[in-house]
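Take a look at the model below.

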Amino acid sequence: MTEFFLEYKTYIVFLHVISAVVWVGGMVALRYAAHPSFMEIESPGQRLERVSHALKNLFIIVAPFILILVVTAVLMIKGYSISSTDYKTIGYAKEGIWTVMFIAYLVMVYRRNKAAKALVQGDFVTAKNQLGMIGRFMVPLNITLGTIAIFLGSYFSSVF
Ligand code: HEM
């Protein structure tokens, strides 16, 4: 595993970094660039539909990158033998952050699907509650956690 990692290190680290860029950057762009623009739409139904549709696209785009992030993380854990170094706690912290971000992602997918069904039935209140929770708390939470993981990654790259 170490030999494989050392041979393909540049590609593995690149895939890890680009995955973080797409996942965290995608959430920032949707939440702080697209979302305020959607809020200008006057009709509540159309507004919620646009938000729901954009979230669906984002969740589909980031899905493979979430997977690539964790696969490359496992390759780096093995390749750098992180578990047997003084930096294992930081490794565990990054694993924990990825896990919380992934669970939050699954919850957001579930909530968005619920909102989409509610919109079809004309139930704007349920749709607004489901989507509101995603925009107000869950996306900002994942952006914060992702930023911490990126900082820990920068620390890692300065010591390995
Ligand atoms: C799942 C557990 C994770 C592990 C074990 C892990 C491990 C690492 C390691 C060892 C590096 C240094 C690579 C090198 O320079 O050779 C790194 C860099 C990086 N990680 Fe992670 N990572 C994990 C999760 C994450 C997550 C969740 C994100 C963000 C969403 C992330 C974003 C980054 C970024 C952006 C870098 C590059 C930093 C730089 O080069 O300055 N990582 N990671």
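Ala34 touches Ala29 and Ala54, leaving aside residues up to four places away in sequence. Touching here means contact: the two C-beta atoms, placed from the backbone, lie within 7 Å. Ala34 and Ala54 are 20 residues apart along the chain, and their C-alpha atoms are separated by 8.6 Å. Ala34 sits in helix 1. Ala34 counts as partly exposed because it has 15 C-beta neighbours inside 10 Å. The scale is simple: a residue is buried if 20 or more other C-beta atoms lie within 10 Å of its own, exposed if 12 or fewer, and partly exposed in between, with C-beta atoms placed from the backbone.

Some ground rules come first. Residues are numbered from 1 along each chain as its sequence is written. This is a predicted model, in which local features need pLDDT of at least 70 and side-chain atom pairs count only at pLDDT 80 or more, while totals for chains, interfaces and linings use all residues.

Now the whole protein. Four helices and zero strands are found in it. Helices (H or I, at least four residues) and strands (E, at least two) are DSSP runs, numbered from the N terminus. Read from the N terminus, the order of elements is α-α-α-α. The C-alpha atoms fill a box of roughly 55 × 25 × 25 Å along the principal axes. Of the 160 residues, 21% are buried. Take the contacts with a separation of 6 or more: 77% of them join residues 24 or more positions apart.

How do the helices pack? Start with helix 1 and helix 2. Their axes come within 8 Å and cross at roughly 160°. Helix 1 is therefore roughly antiparallel to helix 2. Axes are lines fitted to C-alpha atoms, for helices over the stretch in contact, and angles run from 0 to 180 degrees between N-to-C directions. Angles under 35 degrees count as roughly parallel, over 145 as roughly antiparallel, 65 to 115 as roughly perpendicular and the rest as oblique. Helix 1 passes helix 2 in a left-handed crossing. Left-handed means that the near helix is turned anticlockwise from the far one by less than a right angle; clockwise would be right-handed. The contact of helix 1 with helix 2 divides into 22 nonpolar, seven polar and three charged residues. In these classes, Ala, Val, Leu, Ile, Met, Phe, Trp, Tyr, Cys and Pro are nonpolar, Asp, Glu, Lys and Arg are charged, and the others, Gly among them, are polar.

Next come helix 2 and helix 3. Their axes come within 10 Å and cross at roughly 155°. That angle makes helix 2 roughly antiparallel to helix 3. The crossing is left-handed. Helix 2 brings residues including Leu48, Leu55, Phe59, Ile66 and Ala73 to the contact, and helix 3 brings residues including Lys94, Trp98, Phe102, Tyr105 and Leu119. By class, this contact of helix 2 with helix 3 has 16 nonpolar, two polar and four charged residues.

Between helix 2 and helix 3 there is a loop, and Ser81 is in it. Most residues other than glycine have a negative phi. Ser81 counts as exposed because it has 12 C-beta neighbours inside 10 Å.

Glu95 lies in helix 3. With 16 other C-beta atoms within 10 Å, Glu95 is partly exposed. The C-alpha atoms of Glu95 and Val74 are separated by 9.3 Å, and the two residues are 21 apart along the chain.

The last pair is helix 3 and helix 4. Their axes come within 9 Å and cross at roughly 160°. Helix 3 is thus roughly antiparallel to helix 4. This crossing of helix 3 and helix 4 is left-handed. Their contact divides into 24 nonpolar, four polar and four charged residues.

Finally, the ligand. How many residues surround it? The shell holds 26 residues, and the closest are Ala73, Lys94, Ala149, Gly153 and Ser157. A residue is near a molecule if its C-beta atom, placed from the backbone, lies within 6 Å of it. Helix 1 (2-38), helix 2 (44-79), helix 3 (88-120) and helix 4 (124-159) are the elements that give two or more residues to this shell. Helix 4 gives the most, with seven residues. By class, the shell has 18 nonpolar, six polar and two charged residues.
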